[in-house]
Structures are given as structure tokens and as C-alpha cells.
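Subject: Structure handover

Hello,

Here is the structure I said I would pass on. Please open it beside this message while you read.

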Amino acid sequence: MRASSNTLLGFAVLKANFNANAPSYLDSFQPFILSVLAESNRPYLQREEIAGVIHDSFGIDIPNLVIKSLLRAMSKQKLTEPVGSTAVQITAKGLESAPALQQQVAQYNQRQTDLVATFEAFVADRFPGQLDSIAVPVSTLLASYFERHAAPLLNEGLRNRKGSTPSAHDGTDYVVAAFVTDLASRDHVRFAYVVEAAKGAMLSAVLLLDTSELKNSLNNLTLVLDTPVLMDALGFHGEVAEIATNQLITLATEQSAQVATFDHSVSELDGILEHVEQALRKGARSRSTSAGFLHFVEIGATPADLMLIRGKLHELLRQAGIEVIPRPDGYYQYGLDETKLENLIQSKVRYFQDAARVNDVISLSSTHRLRKGARSRTLELCRAVLVTTNVNLVLGAIEFDDRGGSFPLAAMTDSVASVLWVRSPAAAPDAPREMLLAAAYAGMQPNPVVWTKYLDEVDALEQSNSVTADEAVILRTSRISREALMEETLGISESVSPESPLTVLERVRSDATAPLEEQLRELETRAAHADTAADSASADWLRQVSAREAAESDRDKARAAAADAEAQLAQARDAEQAKLTNIRNQSNRVAHRTRAILVGIVRIAGILATIWALIVFLQLPDPSERTGVIIVGAAGLVAALALFLPPAGKSLDACERALARRVERRRLRYLGYEPGSNWPPAGDPSRP
């Protein structure tokens with residue numbers, strides 16, 4: 001679809017006129033045709049003109065074939081009538097039935113204007129200067145975002161059009177995602193309008209499909225969930241993705257579709273969790289970029305937690321309504337060229353591991369065999385589809401199907417959810433809302449390329465002692481660091497610089513003390529107001545002693561409260577510093593005791609060696625023999641020197657310091673400073 005400044009408005013109008021109980025899904029688009037015919041200043045319109053007029057008025061694209069189908073149905077209902085062979089006009093009955101869309105347009109136009117103003121204020125506050133880089137109207141930008149996440153890539157798969165739904169790479173996608181999540185958290189009225197527009201985008205996107213089968217059962221359809229979708233469904237990517245995926249599963253099962261996954265995908269899922277478990281064992285040394293690892297770090301999971309989860313994967317999948325099925329037979333009868341498919345996918349997807357590419361090829365090939373050669377343009381009759389969140393995998397599968405015209409072998413979760421919701425909105429009425437939130441939250445996370453480049457910069461700063469080891473731990477593992485990085489770079493890898501981790505660190509520090517500092521500023525403001533009230537009072541008011549005393553009392557109380565808040569802030573900082581100092585002192589004591597034990601062991605060994613030398617010397621058969629005397633004497637001398645080993649040599653001092661630092665870092669990780677908790681302010685001046 002060609003998103004325009006009216007598209008967002010058109011989405012809202014479409015949702016307002018959608019009737020889930022209508023005989024046909026297409027009936028919801030009749031009001032648009034009736035409206036443009038009724039509002040036209042000409043007696044009739046050419047059939048080929050109608051789609052363009054609807055697009056200009058409402059920003060919605062209705063394919064010409066759909067227009068013809070609608071006009072045939074409307075002609076039978078006596079709402080329109082043909083004029084010659086190429087034109088159409090509205091009848092008297094049609095005029096009576098034509099909805100007052102222009103009134104709705106005026107209403108929604110006001111809400112759209114308000115939403116655009118809210119977006120502009122949000123961007124000006126959070127991302128100063130970013131508005132200047134947006135090359136299209138804000139309403140077009142928002143509509144394009146909803147459009148891409150309504151049914152991505154269905155147009156490519158069904159009409160063999162490549163690249164018609166590009167994703168923004170200039171940071172605007174992140175800005176829109178941040179705006180959507182901000183509305184969801186604090187402005188439910190405007191967010192409700194956004195959700196209505198998203199529903200309209202889903203309704204519009206399904207026009208690309210053959211809608212003749214929308215009322216048919218899905219009992220012959222199998223939705224095969226890819227491994228990342230399994231992670232979403234089980235909550236391993238966070239609660240938002242879990243809710244959205246469970247809505248998709250509910251929509252499918254309520255319409256009799258089978259939701260399944262291949263056994264090799266379960267094995268891949270177990271391997272991912274094993275990797276997360278190993279990364280958690282490494283702690284701050286881990287460089288994992290997986291969303292699963294970052295999620296488990298954020299919730300404070302331990303390696304033992306991951307072991308328990310891995311042990312009950314099949315039970316968790318069953319509880320989520322996902323059936324584990326084996327790969328189907330029939331490779332030689334229904335198989336495809338896996339070598340060609342693998343080479344094509346490798347050119348589309350940036351795989352970090354060969355095993356992931358192999359699993360994707362196996363999944364697509366197995367899904368193809370589940371179809372048993374069936375080729376249908378409809379979801380209802382295609383028999384099986386691989387549901388994934390990997391857009392490049394879907395593009396590769398579409399390009400592999402040279403003939404095109406059939407429902408894609410793989411489809412995005414958003415696309416499948418849109419089709420299922422349009423088929424039966426009552427099965428999961430909140431599905432559009434949850435899918436929109438999931439897309440927004442996913443868009444606010446750094447992708448592996450951005451995160452890897454950022455970790456490289458953190459490593460460089462740590463090696464140059466620009467940040468401490470403790471600060472590097474926070475930069476690598478905390479949720480605040482990821483949020484700050486995305487706000488700094490807007491998710492653009494080229495924007496990651498050597499200064500990015502330092503900017504992130506400042507954000508982490510400020511967030512740690514922000515509540516007390518805000519309270520302090522508020523109390524200082526109150527004190528200033530009290531001062532002003534006391535100083536600017538009129539002479540008549542000053543003569544009123546009681547009022548003067550009350551104002552001074554308020555001022556003094558406000559100042560005292562401000563002083564208390566400042567003291568609490570200082571106390572909080574001192575407490576965090578004391579925790580670090582205590583851990584460091586304990587680590588030094590452990591290292592010192594270890595050194596003393598080692599020196600003691602050496603000295604005891606020296607005493608034992610001296611005793612042994614004396615015993616051997618006394619037992620010599622011929623003490624005058626020089627060889628025996630030399631051996632025993634040398635052993636005795638070495639043993640005697642060991643007894644007087646200096647306890648404070650430079651080598652021992654260096655070993656003791658290294659051991660103390662190692663113990664200190666271990667305690668910082670495991671004794672109170674796990675990621676996700678309140679980290680102490682960095683920059684301890686007592687650190688050597």
C-alpha cells in the first residue's frame with residue numbers, strides 16, 4: 001500500500017465500519033465505495049477511478065479486482081447500477097444507505113491531528129532534532145509503521161512483488177516504537193486510537209488475500225512455529241512477546257487449526273537455552289547478544305534455573321498448546337532442492353552459526369512436505385505454513401518459490417495473526433493491541449549488530465582503564481544500558497562510537513540517584529517559594545505577626561526537609577560506597593590469609609626437609625664419603641633458607657593483590673550486585 005497522510009485516518013474509519021458478523025469480510029469496504037459515489041460532483045464514476053478516489057480520500061488501497069467484486073454485489077442489492085460498460089452510479093437506495101463517512105472523517109481527523117501533535121511533542125522532548133530528519137508527514141509515518149506490522153511480506157508472497165514493504169533504517173522505526181510504548185504506559189485514550197488504527201491496518205492488509213475462503217474451517221491447517229516463536233510463546237523473550245504469541249495460538253486453536261513445532265526445533269531451543277546457561281555461568285565475561293540471554297539476566301535467573309527449564313521443555317510446550325511433531329516423510333515425493341534453498345537463505349540471512357541455517361532449511365523443507373504438493377493462495381487450503389519472526393527467512397522462502405501465487409511457505413507472526421484475527425475477531429479481541437505492543441517493544445531492543453559493536457567499544461574502554469571492571473559489568477548486562485544505547489543511537493549501528501558506552505554509563509548513574517534528586521529539587525523549589533512569599537509580603541501583611549511566623553515556619557520546614565533529603569542522598573551514596581569498600585577489604589583479608597597459609601606451608605616443608613637431612617646424615621654408613629655429605633648438606637642448607645623466607649617479597653605482594661582483585665570481582669557478581677538489582681555508583685576513589 002502507498003501510505004499517505006490520510007491512511008491513518010482511513011484505518012480508523014475502516015475499523016469503525018467493520019462488521020465481524022457481516023456475510024462477507026468485503027462488506028466492510030462497501031461504505032467507502034458508496035461514500036465516494038455519493039460525495040462525487042459527477043453523476044457517475046469510471047470503475048477504474050473508484051480505487052484512486054478512495055485512496056485520495058481515505059488513504060486506503062482497494063485492488064481493482066476487489067472493487068469489481070464489490071460492485072457486482074452492490075448492484076444485486078440495488079445500491080449501484082452500471083452506466084454503460086465501464087462506469088457506475090449510485091442509486092436512490094444507495095444514497096439512503098450511504099454512511100455519513102465525512103462526519104466520521106471529521107471526528108477522526110481531529111483525533112489524528114491531536115495524535116500528530118502529541119507525537120511531535122514527544123519527539124521534541126525525547127529526541128531533539130529528530131523531527132527535522134523525518135521526510136514524510138507524521139501521519140504517513142505512523143500509518144506506514146502500522147502497515148508494515150499488520151501483514152508484512154504477504155504482498156511479496158502472493159503477488160510476487162519484491163521489496164514493497166521496506167523497513168526504515170534511519171532510526172524512525174525506533175522513535176515510533178518508543179512513542180507507542182510511551183502511550184501504552186501513560187495515555188490510554190490516545191493509545192486506544194492507535195490500536196483502532198492498527199486494527200484498520202490489519203483489515204486493509206488482508207485485502208491482499210483471496211478472501212473467498214475466510215469463512216471456511218482451518219481444521220486442515222498446521223501452523224508450524226519456528227524456534228524464535230517458541231522462545232516468545234514460553235516467555236523467554238519477555239512478557240510482552242509471550243502475551244502476543246499466546247494470542248496468536250488462541251486465535252489458531254479457536255478456529256480448529258493445529259499449532260505445532262518440529263522435534264528438531266525443540267532440540268534447537270534446548271541448545272539455545274544451554275548457551276544461555278553457559279553465558280550466565282560466565283557472568284560479566286559473557287558477550288552473548290541473544291535476546292534470551294538478556295531476558296534471563298534481567299530477571300536474575302541462575303544457571304540452575306535454566307537447567308530446570310531445559311528439563312521440562314516438552315511439558316511447557318504442551319501447556320502452551322504447542323504439539324511437537326516429527327519431520328514428515330515423503331522427501332523424494334514432495335521434497336525440494338535443499339541445497340539451492342540453503343544457498344538462497346544464506347544470502348538473505350546473516351547467520352552467526354551454521355546450525356541455525358541448517359535448522360531453518362530443514363524446517364522449510366519439512367513444512368513443504370506437510371503440504372504434500374498443495375498450492376493454494378489461501379491460508380485455509382495451503383495445509384501448512386512456517387510461522388517465524390525472521391523477516392529475511394520469509395523473503396528467502398518467497399524468492400525460492402519461482403512460480404509464486406501460492407500462500408508463502410513461511411510467514412511472519414504479524415501476518416498470520418492479522419489473517420486469523422480478521423477471520424474471527426471475537427476469538428482474541430485484544431490480539432491487535434498485543435501484537436502492536438510486541439512489535440514496538442521488539443523495535444526498541446538493540447539488534448545483534450548494534451549490540452556486538454557496542455560490546456567491542458566497552459571492551460576497548462575497559463582495556464584502556466577508561467571504565468572500571470565493575471562499570472563494564474553494568475554496561476554489558478543491565479536493562480538501563482540497553483535502553484540508553486538505543487536512545488543514543490536510535491538502533492543505527494553506524495551511530496555506535498567509542499563515546500557511546502560513556503554516555504550510557506552517565507545515564508545509568510543518573511537513574512540510580514534520580515528519585516532522591518527529584519525529591520531534593522522539589523523541596524528546594526518549595527523552600528524558594530517560601531522565601532519569596534516571606535520576602536515579598538506587603539507591609540500590611542508583615543504586621544500580621546502570626547501570618548509572618550507561619551510563612552517563616554513553612555520556609556524553615558521546607559529547608560529542613562530539603563536538608564534531610566540531601567542528607568539521605570549523601571547517605572545513600574555513602575552506603576553504596578561502604579558496600580564496595582567492605583567487599584574490597586574482605587577480599588584483601590582473604591588474599592592475605594591465603595598468602596600466610598602458603599608461606600606457612602613452605603616453612604613447615606623446610607623444617608621437615610631439615611629433619612630429613614639430619615636423619616639421612618646420621619644414617620650414612622661412611623660419613624667421610626664426600627658425595628653423601630654434599631647431598632645432605634645441600635638439602636639442609638636449602639631447608640634452612642626456606643625457614644627464613646621473607647614474608648613480604650615483591651612477587652608475593654603481586655600475587656596477593658591479583659588474588660584480592662579476583663575475589664573482589666567474584667563477590668561483586670555473586671554477593672549482592674547481580675544485574676537487575678540496584679548497582680552502587682561507580683568511581684570509588686579508594687580503588688587502587
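Below are my notes, from the whole chain down to single elements.

This is a predicted model, in which local features need pLDDT of at least 70 and side-chain atom pairs count only at pLDDT 80 or more, while totals for chains, interfaces and linings use all residues. Residues are numbered from 1 along each chain as its sequence is written, and side-chain values use heavy atoms, with hydrogens and water left out.

Overall

The secondary structure comes to 30 helices and eight strands. Helices here are DSSP runs of H or I with at least four residues, strands are runs of E with at least two, and both are numbered from the N terminus. Of the 688 residues, 46% count as buried. Buried means under 20% relative accessible area, exposed means over 50%, and partly exposed is in between (1.4 Å probe, protein chains only). The protein exposes about 33,600 Å², and carbon and sulfur atoms supply 53% of that area. Accessible areas come from the Shrake-Rupley method with a 1.4 Å probe; for residues, only the protein chains shown count as cover. Among contacts (heavy atoms within 4.5 Å) with a separation of 6 or more, 76% are between residues 24 or more positions apart.

Strands

Strand S7 (residues 384-388) has five of its five residues buried, so it is largely enclosed by the rest of the structure. Both of its faces are covered: Ala 384, Leu 386 and Thr 388 lie on one side, with Val 385 and Val 387 on the other. In a regular strand the side chains alternate between the two faces of the sheet.

S7 has parallel partners in strand S4 (residues 222-225), joined to it by four bridges, and in strand S8 (residues 410-412), joined by three. Two strands pair if DSSP finds at least two bridges between them. Thr 222 has Ala 384 as its bridge partner in S7, and Thr 388 has Met 412 as its partner in S8.

There is also an open sheet of three strands, in the order S1-S3-S2, with antiparallel pairing. Its edge strands are S1 (45-46) and S2 (80-83), each of which pairs on one side only. S1 meets S3 (residues 87-90) over two bridges, with Leu 45 opposite Val 88 and Gln 46 partnered by Ala 87. S2 is joined to S3 by four bridges, and Val 83 stands opposite Ala 87. S2 and S3 form a hairpin with three residues between them, and Gly 84 in that turn has a positive phi of about 70°.

Helices

Helix H14 (residues 291-298) is mostly covered, with six of its eight residues buried. Those six are Gly 292, Phe 293, Leu 294, His 295, Phe 296 and Val 297. They pack against several helices, including H11 (227-233), H13 (263-282), H23 (448-463) and H24 (469-477). Just after H14, Gly 300 takes a positive phi of about 75°.

In H24, nine of nine residues are buried.

Aromatic pairs

The structure holds eight aromatic pairs. Rings of Phe, Tyr and Trp (its six-membered ring) pair if their centres lie within 6.5 Å; planes under 30 degrees apart count as stacked, over 60 as edge-to-face and the rest as tilted. Phe 122 and Phe 127 are edge-to-face, at 6.0 Å centre to centre with 70° between the planes, and both residues are buried. The rings of Trp 451 and Tyr 454 have centres 4.9 Å apart and planes at 35°, so this pair is tilted. Both of these residues lie in helix H23, three residues apart, about one turn of the helix, and both are buried. One aromatic cluster is formed by Phe 119, Phe 122, Phe 127, Tyr 174 and Phe 179.

Surface

Ile 604, Ile 607, Leu 608, Ile 611 and Ile 615 form a nonpolar patch on the surface, with about 460 Å² of accessible area together. Patches are made of residues with over 30% relative accessible area and no salt bridge, like charges being joined within 9 Å and nonpolar side chains (Val, Leu, Ile, Met, Phe, Trp, Tyr) within 5 Å. A salt bridge is a side-chain nitrogen of Lys or Arg within 4 Å of a carboxyl oxygen of Asp or Glu. Ile 604 lies in helix H28 (residues 545-618) and is exposed, with a relative accessible area of 52%.

Regards
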